[in-house]
Amino acid sequence: MVMKTPLITEIQRFSLQDGPGIRSTIFIKGCPLHCPWCHNPETQDAQPEFYYYPDKCTRCGKCVEVCQSGATSLSIGPNKQPELNIDRKKCVRCMQCVEACLYGARTVVGKSFSIAEIVQEVLSDRLFYGHSGGGVTISGGEPLMYPEFTLNLARALKEEGLDVAIETSCFQKWARIAPLVQTTDLFIVDIKSFDPQQHKKVIGKPLEPILDNIQHLIAIGANVRIHFPIIPDFNDLSSYFEQCLSFIDRFQHQLNGVDILRYHVYGEKKYDLLGRGDTYTYKNVKPCISNELLMFAKALKRFNHVNITFDGIVGIKPNK
Amino acid sequence: MTVVKSQMYRENNTSRPCRNCKWETPDPTDPNQGQCTVNRTAAGAVWKRWVRDAQNMTCSRYEEGKLSFREHV
Amino acid sequence: MATCAECSFFFQIPENYSDHEPGKGDCVTEKKDEKGKYWLSKPTFADSASCAKFNKSVNL
Amino acid sequence: MVQTAQPIEYRNKIVEFPLDNPSEKDIPDEELHEHLAKPSTDRTRRLKARCRWKHASAGEFVEKGVRAGIERMRLITEAHKASNGKPEVIRRALGLENILSKCTIVLQEDEFIIGYHAEDPNMFPLYPELSFMAVQDYNISDYAPQPVSESQEIADYWIPHSLQTKASKYFDPVDLGRMFNVSTMEAPSFATGYNSVVPPYETVLEDGLLARIQLAEENIQNARKEMEKSPWDATTGLEWIHKIDTWESMIIACKAVINWARRHARLCAIVAENFETDPQRKSELLEIADICERIPAEPCKGLKDAFQAKWFTYLICHAIDRYASGFAHKEDKLLWPYYQKSVIDKTFQPMTYADAVEMVEMERLKISEHGAGKSRAYREIFPGSNDLFIFTIGGLNRDGSDGCNDMTDAILEATRNIRTTEPSMVFRWAPEGREKTKRLVFECIRDGLGFPSIKHDKIGTEQMKYYAQFSKNNNGATDEEAHDWANVLCMSPGLVGRRKTQKTRSEGGGSIFPAKILEITLNNGYDWSYTDMQMGPETGHAENFKTFEELWAAYKKQYAYAMDCVIRAKDVSRYFEARYLQAPFTSAIDDGCMELGEDANALSEQPNGWHNPITTVVAANSLVAIKKLIFDEKKYTMDQLLDALKANWEGYEKMQKDFRQAPKWGNDDEYADTIIRDFYEDIIGGVMAKIVNYSGGPVLPVGQGVGLYMEIGSRTGPTPDGRYGGEAADDGGISPYMGSDKKGPTAVLKSVSKVQKNQKANLLNQRLSLPIMRSKHGFDIWHAYMKAWHDLNIDHIQFNVVSTAEMKAAQKEPEKHADLIVRVAGFSARFVDIPTYGQNTIIARNEQQFGAQDFEYLNVDL
């Protein structure tokens, strides 16, 4: 069988929020879930996309000339200025327009890398991992959409003696997850909801396999960090927080740690750049701290031996 | 040779010498020479021209006055 | 005409200083501007003609 | 354990990213810097509020009322006329004596460290004997000394006596014209009067000037005996004449300085007894009077003595005897014995640690108020500063033990508290250095001061040893002495201590501009974009080059021509300085000059040659783009490139895109980095290293930026890296071009670490995310980063930790942001004192995000 190779949106060096220490994070493009608040919309679609920056665009029409599908066109706007229109539905993703643009108004999102290329890139920062207790995090999107690739990548990284973390929703068959346990130093997993109906309805996939997989991982002794994202109008509720607390309570002696991640708006601009501004239902939702969250934060104090962070900077743990 | 008046040219004892122009600053080393700062890039950078003789050169973009240091590089 | 010797800002240089000369003194004046107060000292001689800052000494 | 400490409850919110200093939570991001200054006493708060800043920008002074005084130029000229016929070194001493005995002495309210170098604290002195052209330039400016007619007369008087007249004779006028332009090379110091010096403060503090006078007198007596020996031997006997004159000049100078210090003592006593009404200040003035009676004549006995002696010495060496930039010394080591006496043992001038901190704050304000009467070029190229003041702390002692002590900490704490741009500071980073001190270093950086800039301790020490082997009198730094180094100006280490320090600019300083040299190399040495003249030798038209190697060779020739010109100009300057601009006081306090009866300008024991390539990365990125697109891929021809450049890329946008997108420095990219490493090691450093300078050693590059990255950018046409004509060049000696480092701060370090051979120092600017640095994880993250930096054997690094929000707010309302400080290059400046375009270049520097833009938002939302 030919291994499915994902596109990569970015290999981010000197990353501090995806596990302990200074890390390099590999963002894989493509995700089976569709969380409406997602702040990395560019990692949802497995196909290549492009960002369009209207500020840099001069409406010169070079992109229109090369567009095969008629997705890009010029028209005259109400104030008699040329306007550029992009119909993303028509786009066949040939990326000729990005090539043609002279002003950097279009950039490609999603490039192919071989495992060897990725390893070479992340090895460059080995010295920084050593001084900070960091390593490499395979993130996404959803790395487990490409289980074989992810496994091979994790093995290749491990062979170089690097610390490997995988950031995943755990939405995958257990059989595809199990082989990773041996090569993965840390699993970073999200629990967005404890309500199966809500999960299925809002995110589009069932919750049960996710929770099962997480509990499996914990049960077999894998190193697991739990992310609890706090999302307005979704889980910012005392019922959710109570379940978080009881989850932590139940596994407190087995977890590597817990990160409370408050909803933020940085993804908003990326939806616009991808031409998906209209579909972003969280547009203009401002994060705030509810009384429920406040109570939750205070309640967390009782787990005084669990490593809990807000916003995920685990911190620097220099190697001895 | 034809003189393009929008470019600096020599005119001995001109009444509109670079020295009195708001776009001119003295040469960094020799005060008899100067630097013309009238050309600006879109980003606000100054693309300077050297003024060989600040008393005896001029151009059609001559303006009297003084620039604030904020408008320099 | 008034001389420095008669001025309240004139201070004879004491003998234990290497720049002591008969009649030589320090002219010490106070100045003030928007930033603050400061004092200036310049050498002068008792028989020099007084300057615009002349202030008749009351001790004489 | 909850790692973010307790979530903070604030306006009914939890702040989940606690600040290291929770009191900042009320401060909007765009005002942060206005809340960071915390002068430690009411006195230093008042002193800062009334500080008479002398910052200059684009050649103009920023504050109103600052102007040149006439007193110094009048007195030196008067003495020069009166001493005609005397030995030149004696004339120099008499000039200093005339100034010091007749100049106006200044005492300001609240000061504890006293002394100024002009007739009014709003003025600065001029140096017609150094550069008559600089005086001419002042005379046509708004800062002209009064009366201008007298100033002009004085400038004219000095023309025949000037270094410029004496030295120019030995240069082709064509070469001189090219140098004066400051586009491929800096103008010679014999034309600008620019200089730098490292005074041996140690002898003043440890011995006192009376002891130096005694040494000189003994040397003269001994010399006379030697001369009278029988049988007479002229081959050795005649050498004593010059030595006797030099020692005599030292005696005149030291006596004049003692008398000048005592004039300060008298002024304090007079003010205390006749003007001052506050009894506390009165007794303080009497204490200052007591200090100035004793020092610098006698050895210092306590910390107050030491600060005052240091300041007097500074004024003489840097501002009164002649103009010289810099503030080089290893301050913590120099002051440590006096700190021990006053703060620890309390045997003399007893005080607390907090009192020592206040002393440092007061010294910083004296420097901030200092006015340098330097020429226009140097008012342009250090935008937002009054001059380059850089001192050094930290590192290792001679025996390899940690050089950080409580004085180091007091200096850092005061620096963080008082928040002034001057003086800038260098911290010598050694793994052995204590963490307590490193935390204070971090706090200064985190607060956005831009300094301490950090130097690799071992690299500096090894360099002192390397240069010592070229010593002309076999008396360079010993392995122990090699540990005693401080940065001479922004970047380059040099010895400090009782002898072998650098006394003049021949050794180091001065610039060369690789970007402009690249521009003329493509045009057979011709400069079409700024001067419209031939700027270098004819090395061929680029369109005829068949290979990249031909271009490389042509560049090397152009660069070598410029390097030879600038170093020759420096050494010829020094030759004449040693004969007409001797520095008897600086000589008197140097153990080498004292022992050998030699002038400070003339004597060189420790070679330390360097020169500053500025705009290297624009040239290097351009070469990479040319190699890739023209020679490797053959996508374009050289003819097409030259046409595009002449058109400033207009109509060639597709080409510009390709040249812009060619690999760039700072991304850990093998293709770019290999070429650029060779450029640094083979050309920039390799060509320099072949030169032998005045001191007998090689010259090595100290790549940096100062404000010249903007000035030279404005004199450089479009370049093949995709840059438009006039745009700024790269802002540090080895920093990536603004915004072209796309892979984060670790990739920058990796690129930079590849350049190791033939370099002396290279300035690396990094902009770090402010919210991360201000969080409780800030120190640990930075510390881990610094350890990797050290292991990569990189010579230097400095940080801007300033938010874009605050810089933009300051552009809108400058008057509200007087305390916003940014690192320009080798110095820091108040943001509001920089021209708008320069501000924009600083905003454009890539902010290394440590992984997430996210935090900026979080902080705003606090």
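Tyr339(D) is buried, because its relative accessible area is 2% (buried means under 20%, exposed over 50%, partly exposed in between, with a 1.4 Å probe and protein chains only). The model is predicted: local features need pLDDT of at least 70, side-chain atom pairs count only at pLDDT 80 or more, and totals for chains, interfaces and linings use all residues. Residues are numbered from 1 along each chain as its sequence is written, chains are lettered from A and ligands numbered from 1 in the order in which they are written, and side-chain values use heavy atoms, without hydrogens and water.

**Aromatic pairs**
- Over all chains, 56 aromatic pairs are found (ring centres of Phe, Tyr and Trp, the last by its six-membered ring, within 6.5 Å; planes under 30 degrees apart are stacked, over 60 edge-to-face, the rest tilted).
- Tyr194(D) and Tyr378(D) are stacked, at 3.9 Å centre to centre and 5° between the planes.
- Tyr194(D) is in the loop between α8 (189–192) and α9 (201–206) of chain D, and Tyr378(D) is in helix α17 (residues 376–381), 184 residues apart.
- Both Tyr194(D) and Tyr378(D) are buried.
- Trp336(D) and Tyr339(D) count as stacked because their ring centres are 5.6 Å apart and their planes at 25°.
- Both residues of the pair Trp336(D) and Tyr339(D) lie in helix α15 (residues 331–344) of chain D (helices are DSSP runs of H or I, at least four residues, and strands of E, at least two, numbered from the N terminus).
- Trp336(D) is partly exposed, as its relative accessible area is 24%.

**Aromatic cluster**
- One aromatic cluster includes Phe14(A), Phe128(A), Phe427(D) and Trp429(D).

**Charges over rings**
- Lys166(D) lies over the face of Tyr580(D), 4.2 Å from the ring centre (NZ of Lys or CZ of Arg within 6 Å of the centre and within 35 degrees of the ring normal).
- Arg428(D) lies over the face of Trp485(D), 4.3 Å from the ring centre.
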